[in-house]
Amino acid sequence: RTVYVNGQYLSEHDAKVSIFDRGFMFGDGIYEVTTVLDGKLVDFAGHCARLGRSMRELDMKTPCTDDVLLAIHRELVARNALVEGLVYLQVTRGAEDRDFAWSDAIQPTVVAFTQVKSLAASPLAARGARVITVPDLRWKRRDIKTVQLLYPSLAKMQAKAAGKDDAWMVEDGFVTEGTSNNAFIVTADGTLVTRQLSTSLLHGITRATVLRHAGDTGLRIEERPFSVAEAQAASEAFVTAATSFVTPVVEIDGTPVGTGVPGPVATRLREIYIEESRKSAI
Ligand code: PLP
């Protein structure tokens, strides 16, 4: 694979980052994952905007313009002949002697690489995901897409150990989001419910796009918190994320959701999402 490190395209075997990088030492970095379909980037503008926001919230220096970021993404897709998969982009604050405080002189480290992945044809989406719930023990700025993913990784491992697919995180009795996706339910009266944006959850790019499509199809939408019990009693549940699009959730803590198989709303929204993403990808 050809990867990108600080202005250079290199073989992944030659790519190096300092052990003093604050991303490595402090988890002081942010990232974006952009889906590639048919060799093109899905929702790139949204990912770029969120990257900029994450950097501003953490007072990080902007390493380059959005146009340069786009050029890096396209170059990596081309050099790796990527048709379907993702581009991972990470910006960390940079490297200097270890100290909680950083200096004004610190320069960001930019790393990007591609990953081949079959996305549109998904066995998990066809079967539906089974989730467990865990307390949300992450820090309180989940709206910033930091590389501090230890707790969601532990939650995902807990789900796997229980023979399930993923975990939904719960705070004060309400679902915040999945380990790497936003959570939705469809209530018995056909209303689409997802938690409103705040610092409690990541502002998913896919979440926003799916809400737009759902609105276009005339679905009633409520952005509010929902409890685990409400989700278990819902007629459908699903999650959204850049590389998994819309994935039905068919079981929560052992309780089947609706009929226990992927429902019509999630299935339709997945189809629309993939179709529209192929059309609008750049
Ligand atoms: N929530 C969390 C915690 C995530 O890590 C992610 C993405 O990986 C999402 C939600 C979905 O965001 P997006 O749709 O922008 O991929």
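Predicted model: local features only at pLDDT ≥ 70, side-chain atom pairs only at ≥ 80, totals over all residues.
How do the residues of the shell around the ligand divide into nonpolar, polar and charged?

1. To take the opening question head on: the shell around the ligand holds five nonpolar residues, six polar ones and two charged ones. When you look at the ligand on screen, there are 13 residues around it, and those that come nearest are L202, G204, I205, T206 and A242.

2. Next, the elements behind that shell. Two of them, α6 (205-216) and β13 (236-241), each supply at least two residues around the ligand. Of the elements, α6 gives the most, with three residues. I205 and T206, both listed among the nearest residues, fall within the 205-216 span of α6.

3. Now to the overall layout. The protein is divided into domain 1, covering 2-116, and domain 2, covering 123-280. Their C-alpha centres lie 26 Å apart. Where the two domains touch, the contact takes 21 residues from domain 1 and 13 residues from domain 2.

4. The largest share comes from β3, which contributes eight residues.

5. Where domain 1 touches domain 2, its residues divide into nine polar, seven nonpolar and five charged.

Methods
Residues numbered from 1 in each chain as written. Near = placed C-beta within 6 Å. Helix = DSSP H or I, 4+ residues; strand = E, 2+ residues; numbered from the N terminus. Nonpolar A, V, L, I, M, F, W, Y, C, P; charged D, E, K, R; others polar. Domains from an automatic or database assignment. Contact = placed C-beta atoms within 7 Å.
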